[in-house]
Amino acid sequence: MTDVILPKTVSVFREGYGLARFKADALAGLTVAIVALPLSMAIAIASGVTPDRGLYTAIIGGFLVSLLGGSRHQIGGPAGAFIVLVSATVARHGIDGLLLATAMAGLMLIVCGLLRLGDYIKFIPYPVTVGFTAGIAVIIFASQIGELLGLSFAKGEPGPLAEKLSAIAVALPGFSPSAAAIAALTIAIILVLRRTRPTWPGLLIAVIIASAASALLQLPVSTIGSKFGGIPSGLPLPALPDVTPDLALAVLPDAIAFALLGAIESLLSAVVADGMTGRRHRSNTELVAQGVANIGSALFGGICVTGTIARTATNVRAGATSPVSGMLHAAFLLAFMLVAAPLAAYIPLAALAGVLAVVSWNMVEKSAIAALIRSSRGEALILGVTFLLVVFRDLTEGIVVGFSLAALQFIHHMSKNIRVTAEGPEKPLDATDAETVTYRLDGAFFFGAVAAAGAVLDRIGDDHRNLVLDCTGIRFVDTSGVNLLASVIRKAVHQGVEVYVVTERSELQTMLHHQEIPAQRVHFVHTLAQARAELADRDDAGSYP
């Protein structure tokens, strides 16, 4: 159990941690904090909560993810992927329901980690991850159109995409040129800096310039101060949300969705970090850390925590060497809150919407989508179905259906790879007489392949005295495959045929015995040569009935 919950922080300090590594981690942590500051507030506002809750999430959740996690470079905090789920939960159950669902999801993630389910959760098919990420990006962008254009909705902004677009069309004549100009300025600065000064903190610079322009020109745009009254200059005291059995039951589906998406997103982020650094993360440790971080975030009034791919990649590129950089990123964010909280009141909501518009565009893996469409119609179908379900139905439903389609495609592919080759009187083996038939089985002999294999094996007739089942080419077998083999053996024995099963796998022999095959007339040998030798001996001895 120790390896399940042993944080990478412990491994790092066991290796030896000096001043040079601390300096590198401090610089990386500061870089990530500068990126996370505007992004955390923007994600919180888009999720239907106040901007300070996004900062609480990044500070508390980010610190715990790095302290307890199974990745050296993972950065935790609020993620764009949760915007849809969080906003829907707040709309249905309020802030207390959101905090309770977040804490419950944390407990679920801890249990998943302790049960070692992280080894399986990370096996999400690539077309599914690309499809649901693109779907989330579309939903995030759609949720920001109102702020990008400064629209006002008489009855509130709807959640479902189709209804949202209809409401936007109705409100479009009243758009604010000032808000649109601030949003356009923010997006332009980010894109220009990304091209000309890629190492500069483009998100923060764009928000600062847009805020200064709005204040100096006294533009009539909504700001954090006008809508939320600013943000506090420190952390609140930890407190439990109001918990009742009815509320816990009501938010259970939301908690499950939070846990599922959090597990997928965090492990996917850790895999990305592994690919960039050559390291290997501990998936189950990461799930435990994510669980603790979500509980901690909920206690301080934060929202869902997960590993964030963009901030984690920034951490790696900034030269981080250990989880200390993630903990320092949280400390820097706290310092920013303590020092600069009053200035946050001047940030235009249109500027934060511009930040999220760029983020949503970056979330869409354009090259991956093009490659999947070109490579396989099946992969393209999985991608398209996942994307459409995420956008127009539900995020969890999109993941589940996409995964199911990918599994069916895999089963179909593997079932086509099974080969049953018959050799016998028409093609006699070297040392086998014409009364012996041999069936060689190759591939994965599982439930998806039994129909194809059974169509060949059922042709066994009573015109031969010996049947050899060469199972040495079977790479995998399940109970469905074993049941088919057992039925073939029982049929052959019933017809008076001697059966030889060639396999070196003791588990196959054990599984066949569990199917209660006849003990007589069934012989297990390790090699085909051994089967031929025994057949020759029996033939010489005339031991056939």
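Glu15 is partly exposed, at a relative accessible area of 47%; here buried stands for under 20% relative accessible area, exposed for over 50%, and partly exposed for values in between (1.4 Å probe, protein chains only). The side chain of Glu15 forms a salt bridge with that of Arg21, at 3.7 Å from N to O. A salt bridge is counted when a side-chain nitrogen of Lys or Arg lies within 4 Å of a carboxyl oxygen of Asp or Glu. Glu15, Arg21 and Arg72 are joined in a network of such bridges.

The model is predicted: local features need pLDDT of at least 70, side-chain atom pairs count only at pLDDT 80 or more, and totals for chains, interfaces and linings use all residues. Residues are numbered from 1 along each chain as its sequence is written, and side-chain values use heavy atoms, with hydrogens and water left out.

The whole structure holds eight salt bridges, including these:

| Pair | N to O distance |
|---|---|
| Glu15 and Arg21 | 3.7 Å |
| Asp254 and Arg92 | 2.3 Å |
| Lys227 and Glu147 | 3.7 Å |

Asp254 and Arg92 form a salt bridge at 2.3 Å. This pair links distant parts of the chain, with Asp254 in helix H12 (residues 245–277) and Arg92 in helix H5 (residues 83–114), 162 residues apart. Asp254 is buried at 7% relative accessibility, whereas Arg92 is exposed at 52%.

Lys227 and Glu147 form another salt bridge, with their closest N and O atoms 3.7 Å apart. Lys227 belongs to helix H11 (residues 224–228) and Glu147 to helix H7 (residues 126–149), so this bridge ties together parts 80 residues apart in sequence. Glu147 is partly exposed, at 23% relative accessibility.

The protein chain contains 23 helices and seven strands, taken as DSSP runs numbered from the N terminus (helices H or I, at least four residues; strands E, at least two). Its C-alpha trace spans about 105 × 60 × 55 Å along the principal axes.

Of the 545 residues in the protein chain, 51% are buried. Among contacts (heavy atoms within 4.5 Å) between residues at least 6 apart in sequence, 82% join residues at least 24 apart.
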